[in-house]
Amino acid sequence: GRAGPAWSSLTFMLLKSFRRCSGSLFLPGCVGYSLAFYEHLIQVRKVGEPEIALLLGITAYLAYHVLVGAPTRAYVFGHELTHATATWVSGGQVKGFKAGAKKGSVLVDRLTAFIALAPYLIPVYAILWTLIFAAVGFFVDLRPWTHWFFFGLGAALAFHLVFTVEALKQKQSDMEVVGPILSVGMIYWANVTLVLGVMSLMVTEVHFWAYLTDGAQHTADLYR
């Protein structure tokens, strides 16, 4: 038979409490990996041309965002594209796709935490820029243009991080899948790890796997 209102209400309350509890349990992980991020960041002793190009790209995008305006249409398209791609990767089907100037939507046959949070976790334009540069590199020697790759990568990462922060300031239905506290925690951890991962490819003093193990150790210490 159909569940009564009291049982449905109880189930909803239990689910909500579980989401809050799981979100709170994730917070020490955010603190632990923040400490690890800081420890690896202060190990950087020298800034080379790739790092300068990356920083210039970040600065250029921030200046564009403030002085010219936020490229919202591009973000909306990338946001919905990431939802759709995450659905395909998860074995689901995309039944509808809409991306306008200020908002969009994707109609899918399933919804998981990965699908819901993918646009906040994955810098889609940074990935596209990397794939395009790599594809062209098969046919043309792009080594003299490497600094432009890092410049574009910096701009794309800044685009992702700025819009992610702005999106989190608003109430997002995407956050309701696993609850807002856990969602924000996962997004924070993923983006801190993303930045550290990019740095590890450019700076010899930064080691990605060491960051992961150090963060895990700090998290375990906080749980004790």
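Figure 1. From the N terminus on, the elements of the protein follow the order α-α-α-β-β-α-α-α-α-α, which amounts to eight helices and two strands; helices (H or I, at least four residues) and strands (E, at least two) are DSSP runs, numbered from the N terminus. The model is predicted, so that local features need pLDDT of at least 70 and side-chain atom pairs count only at pLDDT 80 or more, while totals for chains, interfaces and linings use all residues. Residues are numbered from 1 along each chain as its sequence is written, and side-chain values use heavy atoms, with hydrogens and water left out. Of the 224 residues of the protein, 36% count as buried, where buried means under 20% relative accessible area, exposed over 50%, and partly exposed in between (1.4 Å probe, protein chains only). Among contacts (heavy atoms within 4.5 Å) between residues at least 6 apart in sequence, 71% join residues at least 24 apart.

**Figure 2. The strand pair and the surroundings of V108.** Strand β1 (residues 94-99) and β2 run antiparallel and are joined by five bridges; two strands are said to pair if DSSP finds at least two bridges between them. A hairpin of four residues connects β1 to β2, and A99 stands opposite G104 in β2. V108, found in strand β2, is partly exposed, with a relative accessible area of 22%. Not counting residues up to four places away in sequence, V108 touches T87, Q93 and V94. The C-alpha atoms of V108 and W88, which are 20 residues apart along the chain, are separated by 9.4 Å.

**Figure 3. The nonpolar cores.** A nonpolar core is a set of buried Ala, Val, Leu, Ile, Met, Phe, Trp, Tyr and Cys residues joined through side-chain atoms within 4.5 Å. The largest one has 22 residues, and those with the most contacts inside it are F37, F150, L153, V198, M202 and Y211. Two or more residues of this core come from each of α1 (5-41), α2 (49-67), α5 (124-137), α6 (146-168), α7 (180-202) and α8 (208-223). A second, separate core of 16 residues includes Y61, Y120, V162 and A190. In soluble globular proteins, nonpolar side chains tend to be buried together. Leaving aside its neighbours within four places in sequence, F150 is in contact with P50, A53, L54 and M202.

Figure 4. On a 1 Å grid over the protein atoms alone, a pocket is an open set of points with protein on both sides within 12 Å along at least five of seven lines, whereas a cavity is a set of points where a 1.4 Å probe fits but cannot get out; lining residues have an atom within 4 Å of a point. The largest pocket has a volume of about 480 Å³, a volume being the space filled by probe spheres set on the points, with grid points joined across faces, edges and corners. It is lined by 26 residues, of which Y75, H79, E80, Y120 and Q172 lie nearest its centre. The elements that give two or more residues to this lining are α3 (72-89), β2 (104-108), α4 (113-121) and α6, and the largest share, seven residues, comes from α3. By class, the lining has eleven nonpolar, nine polar and six charged residues; Ala, Val, Leu, Ile, Met, Phe, Trp, Tyr, Cys and Pro count as nonpolar, Asp, Glu, Lys and Arg as charged, and the others, Gly among them, as polar. H79 is found in helix α3 and is buried, with a relative accessible area of 9%. Beyond its neighbours within four places in sequence, H79 is in contact with P119, Y120 and D174.

**Figure 5. The second largest pocket.** This pocket has a volume of about 280 Å³, and of the 14 residues that line it, the closest to its centre are L54, L55, I58, V195 and M199. Helices α2, α6 and α7 are the elements that give two or more residues to its lining. By class, the lining has 13 nonpolar residues, no polar residues and one charged residue.

Figure 6. The structure holds one cavity of 30 Å³ or more, and the largest cavity has a volume of about 80 Å³. Among the residues that line the largest cavity are Y75, H79, P119, F159 and H160. At least two lining residues are supplied by each of α3, α5 and α6, with the largest share, four residues, coming from α3. The lining of the largest cavity has seven nonpolar, four polar and no charged residues.
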